[in-house]
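The following questions and answers concern the structure shown below. Please read them alongside the sequence and the model.

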Amino acid sequence: MPARTRTAANRPRPRVPDRLEPLTRKQIIGLLVAAAVFLVPLLVDVPDLDPMGERMLSIFLLAIVLWVSEAIPLVATAVLVIGLEVLLISDQAVLPVPEDATAYSSFFAALANPVIVLFLGGFLIADGAEKFHLDKNLAAVLIKPFTGSARRTVLGLMVITAVLSMFMSNTATTATMFAVVIPVLGALPEGRPRTGLALSIPVAANVGGMGTPVGTPPNAIALGALAEAGHAISFLDWMLMSIPLMLVILLGAWLLICAVFLPGGLSVELDMRAEWYTDRRAVMFYVIAGVTILAWMTESLHGLSANVIGFMAIVAMLVTRVMTGKDLAGLSWDVLWLVAGGIALGDGVGATGLDEWILNLFNWTSMPALAVVVLMGALGLALSNVISNSAACNLLVPLAMGLATGIDGLEPVTIAVVLALACSLGMSLPISTPPNAIAYATGEIATGDMARVGLIIGITGTAVLVLVMPLLWSAMGML
């Protein structure tokens, strides 16, 4: 039988590489500054810092500039940090190192840190919820009691968005909710009411992500740093620490949006229908997701780590073919590697003594613990408004953990959790978080309105976080 020949029409087309966008002026300046700050500690003797610390200082400064300027993608900076740590300060370094240098495998291990596995399980459950339309169906069902009044509808949307964001990525939740509320936007008059509703979704998504360890990357970064320092926080413990704050901020944000954007008496009618998948794979996913979340919340009863539970969920979904290798390949691996880069950065800062050197730069020990907590919370909020929340947390957590070991009365758990939650409150600009960018793209929100609401929520929320929450956590016996 003669071989079939392929015609030009059916011949597979070669894959076209992604087109690289030209570097912006900010990115070019960022690359130049990054190269300069990297070389200075390597070429100039830094007082009171040994060669290993100087190399780690170079890596740390490089990471700061690249993450702030976004001269290269955030995930590229994260893996660059790990690579430079292996080449400069590990037992496989290309430069001379002490005999007790950290094993290179310790830095590679950040890519499979138990917190990464926990997040991986959370991501796969979130993708499954989208695949089987569980997210949209839940939103449609839960919004029904809130229809009628526009203010009540916005409250319902914010509560549902926050709850979904506790277990799904903030970005996926925001995209899902905007798909659900398009009819709502059309039912409202143009102008401020539409702005208020459009703003309520990203605000609730950002705030809701604070509620669980898998809600947002800063939570994972803080948990990873605490675990490396020997402080274990269970899934339920994190929820007990963060949900009271989450609820207070969510209520305050709703009141603010109502006062500024939604006049009393404005009504809206919705037709929200849910179409549930009932095939074998969908039902199996519902069971696995429900059991996983229940197991996460009852960790203290059965003794299994949340990280192990997250991995078992991955195993169950893949073995039962509820999710496939294609689903696994489509996960947000860039976010996971970004978190891993932050964990590795913290490991390097601690292993080289750079944390002690930074601690000695300022007279931190003369400051009361409360002042340090307030300062770090303010830094987290300010930085996360202009760069990625994850990048801000990656940069500040190593410094904060160093402070926690040298200041009397400063609990490592307090400073790490405060930083993670403060970074989630940075939401005043379209670039601050992906949910903000999605909402801004609707064309219903002016930058000034987003900045005004974001700053009020961020500053007020951070004030409650640093002044009230540590006292509450202590009274609850969490510290």
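Q: What is the volume of the second largest pocket?
A: This is a predicted model, in which local features need pLDDT of at least 70, side-chain atom pairs count only at pLDDT 80 or more, and totals for chains, interfaces and linings use all residues. Residues are numbered from 1 along each chain as its sequence is written, and side-chain values use heavy atoms, with hydrogens and water left out. On a 1 Å grid over the protein atoms alone, a pocket is an open set of points where a 1.4 Å probe fits, with protein on both sides within 12 Å along at least five of seven lines, and lining residues have an atom within 4 Å of a point. With grid points joined across faces, edges and corners, and volume taken as the space filled by probe spheres set on the points, the second largest pocket holds about 370 Å³.

Q: Which helix gives the largest share of the lining of the second largest pocket?
A: Helices are DSSP runs (H or I, at least four residues), numbered from the N terminus. Those giving two or more residues to this lining are α10, α16, α17 (354-361) and α19. The largest share, seven residues, comes from α19.

Q: Between which domains does the second largest pocket lie?
A: Domain bounds come from an automatic or database domain assignment. The C-alpha centres of domain 1 and domain 2 lie 35 Å apart. Because both give residues to its lining, the second largest pocket lies between domain 1 (24-111 + 342-352) and domain 2 (114-330).

Q: How many residues of the lining of the largest pocket are charged?
A: The largest pocket has a volume of about 870 Å³. Ala, Val, Leu, Ile, Met, Phe, Trp, Tyr, Cys and Pro count as nonpolar, Asp, Glu, Lys and Arg as charged, and the others, Gly among them, as polar. The lining divides into 18 nonpolar and 14 polar residues, and the charged ones number four.

Q: How many disulfides does the structure hold?
A: A disulfide is a pair of cysteine sulfur atoms within 2.5 Å. Cys423 is in no disulfide, and the nearest cysteine sulfur, that of Cys393, is 4.5 Å away. For the structure, the number of disulfides is zero.

Q: Is Ser200 buried or exposed?
A: Ser200 lies in helix α9 (residues 192-208). Buried means under 20% relative accessible area, exposed over 50%, and partly exposed in between (1.4 Å probe, protein chains only). Because its relative accessibility is 0%, Ser200 counts as buried.
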